[in-house]
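Visitor: I have a model with chains to explore. Could you take me through it?

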Amino acid sequence: MWAVLRTVPDPEIPVLSLLDLGVIREVSVQGRHVVVGITPTYSGCPATAVIKSDVAAALQLAGYVAQVHDVLSPPWSSAWITLEGCEKLRAYGIAPPEFPVGRVAALLEEAVAPACPRCASRQTELLSEFGSTPCKALHRCCACQEPFDRFKCL
Amino acid sequence: MNAVTTPATARELTTYVLRLADTSLVLAQRLSAWIGHGPAIEEDLGCANISLDLLGQARLLYAYAGELEGAGRTEDDFAYLREECDFLNATMAELPNGDFGQTIVRQCLLDLWRLELFEQLTQSTDMRLAQIAAKAVKEIRYHGRYSSGWLVRLGDGTDESHQRVATALVMLWPYVAEWFAEDALEQALAERGVVPSVAAVQAGFEARLAPILRAATLTRPSNVDYRWFGKRAQHSEHLSHLLAELQSLHRAHPGAQW
């Protein structure tokens, strides 16, 4: 069962499995019947519907009768991305969320600069609070000059 | 666990949840009009992403309203098949985008209000509403960072940018009053701990707004007596035009899907 879920990639960031992303919140197995609870990363993330159908399809292919539903609470946090997932993100060129994410910067407060996933320099700057998917922001490394995506801390 | 114990409470809560949902949907629609028209691609992305989060929040709220109502209405029914006189959004959400400065002022005011409101709603005695609020509040906080950051840059920017956001603030401020004009429905729900008291939300909103206006070198306009009441379906002339566009595809092709 877990082996099957480990093979289902995130549709937007395919280096991450759904287990790495921390969106699988509940799994109960009774014989061949599986119930999976999935939490969305962002309320409006269009990938959520794709994730649910991918999970159902992968489980069906493995011979299970799958039922997938939403889990709203507790809300997803970027702290749920596994350490292995963070390493995969870095290798893929996306700065992973920093830990701990518990403390949220005040509205006008400068956030901590993320480390460049290529050269690890902390001399980085924010280009855009919003990026190509709801979960990412766009930064630039002032040391190696490369722009990079960063997983937002949520 | 759940605050809904009587049919009357269910009706009141349905109305309240629709107010929240309609504000999210209408503002999402307004912001999406910036896609392809933003002053820079980053601002295109910013407006589009905030719009998407708001749409997601609206969907969660509409789904809950449908369950509370118990008449089988879906998210799409609420969004596409109601008339202007059925919508209960805060009036400010439906106002035109204007220039980017006006959009930012509108967004910042709404973000700060919704941030305070949803933070307090996480303590609701209605568990589902508290859960939706807990999800949304994380997103709204990020939106508030974006809009308040821009308000400070524009307010404390050039003479031109300062003038534009100062004018927009004076234009938009009268629409803030509606949020803090408590009506019987809000009072009844607040007494049962389902929603926060309007006074508590107002205090939190003012406390968040003051340092941002200071940093933006803007002056808080004085209050006016007139009250808009979008939350009681008394709208400005702008909502019907917005809905005509939002609903046209679904009305021409009922049940259309991608």
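Here are some questions and answers on the cores and the contact between chains.

Visitor: Which residues have the most contacts inside the largest nonpolar core?
Guide: This model is predicted. Its largest nonpolar core has 83 residues. Those with the most contacts inside it are B:Leu109, B:Leu151, B:Trp179 and B:Phe205.

Visitor: How many residues does the other core have?
Guide: Another core lies apart from the largest one. Among its residues are A:Val4, A:Ile24, A:Ala66 and A:Leu89. Its count is 31 residues.

Visitor: How many residues of chain A are in contact with chain B?
Guide: Contact here takes heavy atoms within 4.5 Å. By that cut-off, chain B brings 31 residues. On the side of chain A, the number is 29 residues.

Visitor: What share of the area buried between chain B and chain A comes from carbon and sulfur atoms?
Guide: The buried area is about 2,500 Å². B:Lys135, B:Tyr142 and B:Arg145 supply 30% of the area that chain B buries against chain A. Of the area between the two chains, carbon and sulfur atoms give 66%.

Visitor: How many residue pairs are in polar contact between chain B and chain A?
Guide: Salt bridges between these chains number zero. Polar contacts, with both residues at pLDDT 80 or more, are counted too. That count is seven residue pairs.

Visitor: Which helix gives the most to the side of chain B that touches chain A?
Guide: The elements of chain B giving two or more residues are helices H2 (41-69), H5 (100-121), H6 (127-155) and H9 (198-215). That side divides into 14 nonpolar, nine polar and eight charged residues. The helix that gives the most, with 16 residues, is H6(B).

Notes:
Residues are numbered from 1 along each chain as its sequence is written. Chains are lettered from A and ligands numbered from 1 in the order in which they are written. This is a predicted model: local features need pLDDT of at least 70, side-chain atom pairs count only at pLDDT 80 or more; totals for chains, interfaces and linings use all residues. Side-chain values use heavy atoms; hydrogens and water are left out. A nonpolar core is a set of buried Ala, Val, Leu, Ile, Met, Phe, Trp, Tyr and Cys residues joined through side-chain atoms within 4.5 Å. Buried means under 20% relative accessible area, exposed over 50%, partly exposed in between (1.4 Å probe, protein chains only). Buried area is the accessible area (1.4 Å probe) that two parts lose on being put together, summed over both. A salt bridge is a side-chain nitrogen of Lys or Arg within 4 Å of a carboxyl oxygen of Asp or Glu. A polar contact is a pair of N or O atoms within 3.5 Å; within protein, one must be able to donate a hydrogen and the other to accept it, and residues adjacent in sequence count only if both atoms are side-chain atoms. Helices (H or I, at least four residues) and strands (E, at least two) are DSSP runs, numbered from the N terminus. Ala, Val, Leu, Ile, Met, Phe, Trp, Tyr, Cys and Pro count as nonpolar, Asp, Glu, Lys and Arg as charged, and the others, Gly among them, as polar.
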